[in-house]
Amino acid sequence: MRAVRLFSLLTLLFSPTLALAISEQDYKAIYDLNVMPYYLQKQQAGTFEGVDGVPIHFVKFPSSTERAALVLLPGRTESHIKYAEVFFDLRDAGFTIYAMDHRGQGFSGRTIDHPQKQHVKRFQDYVEDVRKLIDDVVRPAGHQRIFILAHSMGAGIATALAESHPDIVDAMVLLAPMHEMVTGQYPEDVAALLAAGYVSAGQGEEYALGNGDRKENKFEENKGTHSEARFTQAEQLLKDHPDLVRGGVTFNWAHEAIQATKALRNDASKLTTPVLIFTAGDDQTVRSSGHRAVCESALSCERIWVDGALHEMLMEKDEIRDRVLNDALRYLADRIDGIPPKTKDAPLSCQT
């Protein structure tokens, strides 16, 4: 059975907080004084050749007290630079951190000439790029353990990778994973048929229905975070790096993503890697039913429902973000210390 842990008053009162996290109070000043200098000074940047020769950009943050390697995989449209605060938070947590930008976004190579279209030929290309990062960059460094921390699309990619390569990492923490997307006014199967039809008609590189170039994003209308401070900083990064701006998805991306997420749900019994899934209670981007389907079939899965959270939990307001990061670190610390993860035969554990 699956362990579904709920945020509760007792948890908030008695669980330790993450001492390294910075507060939303005076956020901009602290970010400019501490976070960005750390990001710029401590990173080791590199590039490797992904599928079809697409250059994939990654960064590494070494640790002098390393206990494991942590591979961070961003979501759709994101660059690793958006996670500068996370790198700073974890600077003394005992992880050598690797973070990559997926093909077609961030500082990695584009797969289409249009400056904003999110496009991919095959969803499996994302998976193979991550596999290559781990096999060719991370593993040769000799780390005793390798973990994945992934958000949204990155977490969907990580799930597909672990299903096809069961021993590639030791454990995963997945934040609002893209296991089943919200497909607007169309049910998933209808959206899949529509996308497939447009692809067959030679329109695969055109924007999918309802998609287009990125418009000005207002805090009051955003679907990612309740934190105005972190929202404002993320928007500033795009102003500072306009090449990072990504718009909506193409028909081919939609077709590939829907097929891939359906497949990873169907193949979830192949997921033997220990995994912790965080489900955002107010998510409007991915469906919690996909998380439930994966977790119920996986060998070793725990799921935490984060009441009141929007999609981008590591960009959320302090009381949500710090709790999520703290629970993620406790889960990984247990894996490092050899505490067995829960499996299908473990009794249901529920905090209320």
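1. Glu78 and Lys82 form a salt bridge, and their closest N and O atoms lie 3.0 Å apart. A salt bridge here is a side-chain nitrogen of Lys or Arg within 4 Å of a carboxyl oxygen of Asp or Glu. Both Glu78 and Lys82 are buried.

2. A word on the model. It is predicted, so local features need pLDDT of at least 70 and side-chain atom pairs count only at pLDDT 80 or more, while totals for chains, interfaces and linings use all residues. Residues are numbered from 1 along each chain as its sequence is written, and side-chain values use heavy atoms, with hydrogens and water left out.

3. How many salt bridges does the structure hold? There are 22 salt bridges. One of them joins the side chains of Glu85 and Arg321, at 3.7 Å from N to O. This pair links distant parts of the chain: Glu85 sits in helix 3 (residues 84-89), Arg321 sits in helix 10, and 236 residues separate them. Helices (H or I, at least four residues) and strands (E, at least two) are DSSP runs, numbered from the N terminus. Glu85 is buried, with a relative accessible area of 3%. Arg321 is buried too, with a value of 0%.

4. Arg321 has another partner. Its side chain meets that of Asp322 in a salt bridge of 3.7 Å, N to O. Asp322 and Arg321 are both buried. Salt bridges with shared partners join Glu85, Asp89, Arg230, Asp318, Arg321 and Asp322 into one network.

5. Next, the cavities. A 1 Å grid is laid over the protein atoms alone; a cavity is a set of points where a 1.4 Å probe fits but cannot get out, and a pocket is an open set with protein on both sides within 12 Å along at least five of seven lines. Lining residues have an atom within 4 Å of a point. Grid points are joined across faces, edges and corners, and a volume is the space filled by probe spheres set on the points. The count is three cavities of 30 Å³ or more. The largest cavity has a volume of about 70 Å³.

6. Which residues line the largest cavity? They are Tyr27, Tyr31, Lys82, Glu85, Arg230, Gln233, Ala234, Leu237 and Met315. Lys82 is also the salt-bridge partner of Glu78. Glu85 and Arg230 also belong to the network of salt bridges. Helix 2 (27-42) and helix 7 (228-240) each supply at least two lining residues. Helix 7 gives the largest share, four residues. The lining divides into five nonpolar, one polar and three charged residues.

7. Helix 4 (123-138), helix 5 (153-164) and helix 8 (251-266) each give two or more residues to its lining. Among the lining residues are Phe123, Glu163, Leu264 and Lys270. The lining of this pocket divides into six nonpolar, two polar and three charged residues.

8. Arg335 deserves a look. Arg335 is found in helix 10 (residues 318-336). Arg335 is buried yet has no salt bridge. The nearest side chain of opposite charge, Asp334, is 4.5 Å away. Lys and Arg count as positive and Asp and Glu as negative; His and the chain ends are not counted. Leaving aside neighbours within four places in sequence, Arg335 is in contact (heavy atoms within 4.5 Å) with Arg145, Phe147, Ala171, Pro274, Pro340 and Pro341.

9. His226 lies in the loop between helix 6 (188-200) and helix 7. His226 is partly exposed, at 34% relative accessible area. His226 and Ala309 are 83 residues apart in sequence, but 7.9 Å apart in space, C-alpha to C-alpha. Beyond its neighbours within four places in sequence, His226 is in contact with Phe219, Gly308, Leu310, Glu316 and Lys317.

10. Last, two backbone angles. Most residues other than glycine have a negative phi. Asp26 has a positive phi, near 55 degrees. Asp26 sits in the loop between helix 1 (9-14) and helix 2, and is exposed at 56% relative accessible area. Ser152 has a positive phi of about 55 degrees although it is not a glycine. Ser152 lies in the loop between strand 6 (146-151) and helix 5. Is Ser152 buried or exposed? Ser152 counts as buried, because its relative accessibility is 7%.

Note on methods:
Nonpolar A, V, L, I, M, F, W, Y, C, P; charged D, E, K, R; others polar. Buried < 20%, exposed > 50% of the residue type's maximum accessible area, 1.4 Å probe, protein only.
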